[in-house]
Amino acid sequence: MKRTDSESEFSFETSESNLEVSRSQRLSDFYEEFIYKPGLVAWSDWRTRIGSLLALVYVLMGTVGVMVYRVPNSNQSPRSVQPFQTLEAPLGTTGSGVDVLAMIIHATPPMLVMILSGGLFATTFAVAVGTVAGYKGGSVDRVLTTFADIAMSIPGLPLIMVLAIVFNPTNPALIGILITVNYWAGLARAIRSQILTLREESYVEASRTMGVSTRRILIKDVIPNIMPYVLVNFANAARYVVFASVGLYYLGILPTSVRNWGIQLDQAYRNAGALTGAGTLYQLVFPMLAIMLIALALILLAQGMDRVFNPRVRTRLAGESTSVDSEDGDETTVTEVLN
Amino acid sequence: MNSFYIKRTARSVLTLWLVVTLTFGMIRLLPGGPLVRLRAQLTRQGVDPGEIDGIIESYQNLRPDQPIYVQYYDYVSSLLLGDMGQSFRYGEPVAAIVGDALPWTVFVMVTATVLMYALGVLWGAIMAYKEGSVFDSVSSALSILGSTVPFYVFGIVLVIVFGYQLGWLPTRGRTSVGIADPYTIDFAVDVLRHAVLPIMSIIVTQVGLQALSMRGNSIQLLGEDYVRVARLRGLADRRIATRYVARNAILPMYTGFLTLIGFNIGGSVILEEVFTYPGIGYYMFKALEARDYPLMMGVFLVITSVLVIALFVADLTYSKIDPRVQSGGSSEAY
């Protein structure tokens, strides 16, 4: 009796795998589910639309712009030209004749590298620690949670500053990681508490009873569920990287060999007499705008993405469901309030 | 219940101990680290090599000729006695500098965070109450716009506009030079005039996100069954708003609030530099600039302790405020 039971279960499993879809079908499903539908929803939301357009501007600035536009150098133009006067230097020049627009454009690529490396480091590390701690429980959880708690209770900015002084990093990718050196901790804690409920879901339990390895359960069953949350937090981490790096460069703590808007702010604030209102305010305003717009892009993306991954909104807009759910108020889960 | 308090206390102590060890490691072990630089600096200044060890010891509480565990013991034990070494730049004990500066930083940052939090809760609640109205959309846009500016950049703008262009408020210092008597109204006004711009820059750049999260929490709660039932029972709107919605919406923000105080004290390094406000952040910046390691590490330790204590208080009090939270909890290991 027992034997037939297990046999029937086995055959059930094989018949299931016979139903597996072909490769091309799966690819098109993947496209439908992960690119087309989110894209459609993303585009329908004004926040993601503006956010991604703005982000695209920065990416273009950091790739094409750098090749097209000249490198900033002193005395490349007449000194202290006001903005919108000549086409040669549309945003004016500094007191030493450096093109302000050139400075802004050429500071973009290192910033993008920092954002990517910092964001990737913070999110992957947080996902790894959070999921393993939440799923495994027991002593693994205790050790990892204590680790995250300790990282969380060291103040970010002062720690980064001390490390920056000691290591003196010049590689933007390294600086990005340095800035998020303990940013991941808060995110890891948040992910852990989400996993604590996910691990009790019936499909996870089913995988566990079937003897699927923990690694596979985490990757196939658990992590896809928190991906939306992780992506939203990638944008938040990226904004933190922008703010912190500009701050560090503004203070002159990081080596000035890498171009950054913070250095421009510092120069304008100190040397240009922007303070006393000697008509050099523009040197301060333009790098500030560069920082604000990239932060705006990241905030809009984070908030818009929150909706993209809301399954109810998604199916409705993709035209699959005809149910007219009342649009649930976008519950922006803003937990990280850094800087 | 008791074991939770013991565990939590143990974790705080562990954190502080780890940070102390970390700073010791950075001072002592890293190649090209502070001690090597200090030695090179002293040699360049033509100090007699025989005296250098003695000088280093007095600055950093370290005896370079001793084995590493003795140095570590010396460092930790003198920290426990409140001796954080001597600042190179100011030639004063680090503890004295920090003791003078810390109250000012705490005053500015705690005031700013409390005000910001109160405003955020109020604003977010009104936004949730008028969800979908013009006020709601404008407020949401404004709060997003506010959080696109880093607080120190907004600080620069404030200094330029109110300090230099309009000349209404002082641009530097904690108090004016002439005022000495601390127990007069003039003094209090003067202190406030110096603190108002740093406080403003924190409030304006952080209130938006607080308001948005309060709005999100409240909207979610307004759809809860018990709020509907309360409406059906015919309770007054005011009672529902304060007792049923506000209480529960504020709760999740409480821990965030205490950690935010800690974070802002960490952020004082940039903010106080912008306003030339001599709090601990300002001294940390000066120490970073002058590579004044004892002062730098001292301030770092103090800021860390403040954050550790804030988190500790947050954790201990949260279960008191929210009775639903059970400390500890059972979790089966897989």
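At roughly what angle do the axes of helix 5 and helix 11 of chain A cross? This is a predicted model, where local features need pLDDT of at least 70 and side-chain atom pairs count only at pLDDT 80 or more, while totals for chains, interfaces and linings use all residues. Residues are numbered from 1 along each chain as its sequence is written, and chains are lettered from A in the order in which they are written.

**View 1. Helix 5 against helix 11 in chain A.** The axes of helix 5 (residues 108-136) and helix 11 (residues 214-251) cross at roughly 140° and come within 7 Å. (Helices are DSSP runs of H or I, at least four residues, numbered from the N terminus; axes are lines fitted to C-alpha atoms over the stretch in contact, with angles from 0 to 180 degrees between N-to-C directions.) The two helices of chain A are therefore oblique to each other (angles under 35 degrees count as roughly parallel, over 145 as roughly antiparallel, 65 to 115 as roughly perpendicular and the rest as oblique).

**View 2. Helix 8 against helix 11 in chain A.** Here the axes of helix 8 (residues 172-179) and helix 11 come within 10 Å, crossing at roughly 105°. That makes helix 8 of chain A roughly perpendicular to helix 11 of chain A. Look for A:I175, A:G176 and A:I179 of helix 8 meeting A:V241, A:A244 and A:S245 of helix 11 (contact puts C-beta atoms, placed from the backbone, within 7 Å).

**View 3. Chain A meets chain B.** Chain A brings 46 residues to the contact and chain B brings 52 residues. On the chain A side, helix 7 gives the most, with seven residues.

Technical notes
Two residues are in contact if their C-beta atoms, placed from the backbone, lie within 7 Å.
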